[in-house]
Amino acid sequence: MRVLLIGANGYIGRFVADRLLADPAVQLTALGRGDDADVRFDLATGSPGALTRFLDAVHPGVVVNCAGATRGGARELTRHNTVAVATVCEALRRSGCGARLVQIGCGSEYGPSQTGSSTAEDAVPRPGGPYGVSKLAATELVLGSGLDAVILRVFSPAGPGTPAGSPLGRLAEAMRRAMQSGDGELKLGGLGVQRDFIDVRDVARAVHAASLSAAQGVINIGSGRAVRLRDAAAVLARVAGYGGALHELDAPPGPLRSAIGHPRADSDHAAPVAYPYPDGCGSWQQADVRTARDRLGWRPRINLEESLADIWMEAACRI
């Protein structure tokens with residue numbers, strides 16, 4: 001099976017590449033913007049015609065799209081998450097390769113959900129921010145393309161390679177600084193949110209399974225269990241061996257804007273503080289993952305403690 005992987009250098013894409021390369025039946029070609037890609041191509045600016053010519057030359061059986069942006073303004077997110085997917089869909093429609101498309105979506109497409117609920121694929125998406133909107137638009141493009149395609153809606157990925165700017169990455173960095181300076185207490189904010197964390201290696205397994213399956217439409221990829229961020233912080237402290245006290249900062253008045261780590265501010269102007277989960281999903285998110293089990297034969301294998309231990313190992317190397 002010849003697979004074209006788009007976005008192989010990204011957080012999820014690196015693990016998808018490793019998983020596919022471990023399958024002796026897969027011939028992998030990586031397409032991306034970096035110099036180490038097999039083929040350099042920018043989906044946000046490249047034409048569908050140029051991508052079609054490449055597809056006709058390589059003739060992949062599966063195209064996996066892990067490319068995209070998680071940060072930036074609405075224009076940048078739209079360009080990298082929506083326009084780029086439109087380019088992929090149009091190129092596949094024009095090509096004679098007949099490839100199956102595996103598109104990486106995200107839980108932010110659903111937006112806020114009721115506390116205690118599990119979000120299934122038939123939930124009406126109501127994204128609460130530009131990132132979720134841009135990803136939902138991409139999903140709708142894929143669903144309306146007429147292609148043989150599946151969209152994996154990944155909830156909150158965790159584990160090795162977690163970006164330092166993500167909530168769990170910031171938790172680990174704040175703890176690293178506290179241990180390095182010998183602080184006996186760590187002040188953290190925004191720990192009340194609950195998210196469905198899924199290890200990035202389990203995500204890669206899901207992508208591999210989706211590549212081999214005939215499943216179409218949207219499939220949730222998560223652990224099926226919401227975890228409060230303060231509980232994740234306690235687990236991280238345990239695996240890190242941090243014996244200090246964890247104190248949660250009260251949320252400031254006004255709009256919900258709290259931070260992981262104690263913000264430094266002068267006496268006149270408080271430093272701008274970013275909400276730790278700017279995904280537009282409110283205080284709770286938990287995936288219903290029965291479709292992944294039934295249609296892909298997939299279940300998560302790696303628990304959150306192992307994911308956090310790997311996040312801490314990488315943070316500790318910066319001491």
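Q: What is the strand order in the open sheet of seven strands?

A: This is a predicted model: local features need pLDDT of at least 70, side-chain atom pairs count only at pLDDT 80 or more, and totals for chains, interfaces and linings use all residues. Numbering starts from 1 along each chain as its sequence is written, and side-chain values use heavy atoms, with hydrogens and water left out. Strands are DSSP runs of E, at least two residues, numbered from the N terminus, and two of them pair if DSSP finds at least two bridges between them. Pairing in this sheet is parallel, and the order reads β3-β2-β1-β4-β5-β6-β11.

Q: Which strands sit at the edges of that sheet?

A: Look for strands that pair on one side only. Those are β3 (39–40) and β11 (217–221).

Q: Which residue in β5 stands opposite Val-62?

A: Strand β4 (residues 62–65) runs parallel to strand β5 (residues 100–106), and four bridges join them. Opposite Val-62 you'll find Arg-100.

Q: Why is the chain as compact as a globular protein of that length?

A: The chain has nine helices (DSSP runs of H or I, at least four residues) and 13 strands. The globule rule (2.2 Å times the number of residues to the power 0.38) gives 20 Å for 319 residues. The chain is as compact as that because its radius of gyration, taken over C-alpha atoms, is close to that value, at 20 Å.

Q: What percentage of the residues are buried?

A: Buried means under 20% relative accessible area, with a 1.4 Å probe and protein chains only. Of the 319 residues in the chain, the buried share is 52%.

Definitions and conventions. Buried < 20%, exposed > 50% of the residue type's maximum accessible area, 1.4 Å probe, protein only.
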